[in-house]
Amino acid sequence: MSRLCLTRLSSIALMACATLSAHAAEPVTSVPQLDISRYAGQWHEIAHLPMFFQRQCVGDITARYSLDTPGKIGVLNACKTKDGSMDQSQGVARPVQGHPGRLEVRFAPDWLSWVPMVWADYWVIALDPDYQWAMVGGPDREYLWILSREPTMDRARFEQLKAKAEAMGYDLSPLIMAAPLR
């Protein structure tokens, strides 16, 4: 067999393996139930996949959800920056009809709310029955947040959430730790 033929066969085999592993992942699914009044309140970020809008954050990353307006959820994200100041971003979330564990989030101004591209998927993909921790991601697997009501998380719980995310096909190699584990 020629070298060219072996190279082509190797390439085809690698592509087949990559395709099989991509299809082997569980689908990204949201939790079947989400009581938004219990979900509301302060959450501490334990870890996240890199996101452009979080590039300035170095610690104390929080998200606060509030039920200010019927049908809308207020969102206030905050984090400490390199210079020690706090950076905040205010947005709004709305439920996705027929999918209790899915929200759409927007940080663009109200006058742009009619533009579909300003709304981002925010799926709660794992949730503690007592609403003490949550994992949030999207169907494209490009972003992921592991959240806790406390500023730390039990290492065993964190590893379980990572395993669940990996089973859904998330690449966690660039995962950024934002808070300590215990």
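Author: The largest nonpolar core has 21 residues, and those with the most contacts inside it are Ile125, Met135, Leu144, Met153, Phe158 and Tyr170. The elements that each give two or more residues to this core are β1, β6, β7, β8 and α3. A second, separate core has 20 residues, among them Val75, Ala93, Tyr122 and Val136. A nonpolar core is here a set of buried Ala, Val, Leu, Ile, Met, Phe, Trp, Tyr and Cys residues joined through side-chain atoms within 4.5 Å. Buried means under 20% relative accessible area, exposed means over 50%, and partly exposed lies in between, with a 1.4 Å probe and protein chains only. In soluble globular proteins, nonpolar side chains tend to be buried together.

The model is predicted: local features need pLDDT of at least 70 and side-chain atom pairs count only at pLDDT 80 or more, while totals for chains, interfaces and linings use all residues. Residues are numbered from 1 along each chain as its sequence is written, and side-chain values use heavy atoms, with hydrogens and water left out.

Helices (H or I, at least four residues) and strands (E, at least two) are DSSP runs, numbered from the N terminus. Of the 182 residues, 38% count as buried.

The buried residues of α3 are Phe158, Leu161 and Ala165. They cover an arc of only 65 degrees around the axis, which puts them on the same side of α3; the arc is that of the directions from the helix axis to the C-beta atoms. These buried residues pack against β1 (41–48), β6 (120–127), β7 (133–137), β8 (144–148) and β9 (176–177). Phe158 itself touches Ile46, Ala47, Ile146, Met153, Leu175, Met177 and Leu181, not counting residues up to four places away in sequence. A contact means heavy atoms within 4.5 Å.

The ends of α3 may be described next. Asp154 caps the N-terminal end, where a side-chain oxygen lies 3.2 Å from the backbone nitrogen of Ala156. After α3 comes Gly169, whose phi is positive, near 95 degrees.

One of the strands that the buried residues of α3 pack against is β1, and His48 has its place in this strand. His48 counts as buried, at 4% relative accessibility. Its neighbours include Leu144, Trp145 and Leu175, which His48 touches.

Finally, a disulfide is present. Cys57 and Cys79 form this link, with their sulfur atoms 2.1 Å apart; the cut-off for a disulfide is a pair of cysteine sulfur atoms within 2.5 Å. Cys57 lies in strand β2 (residues 57–69) and Cys79 in strand β3 (residues 72–81), so the pair ties together parts that are 22 residues apart in sequence. Cys57 is buried at 16% relative accessible area, and Cys79 is buried at 2%.

Note on methods
Polar contact = N/O pair within 3.5 Å; in protein donor to acceptor, adjacent residues only side chain to side chain.
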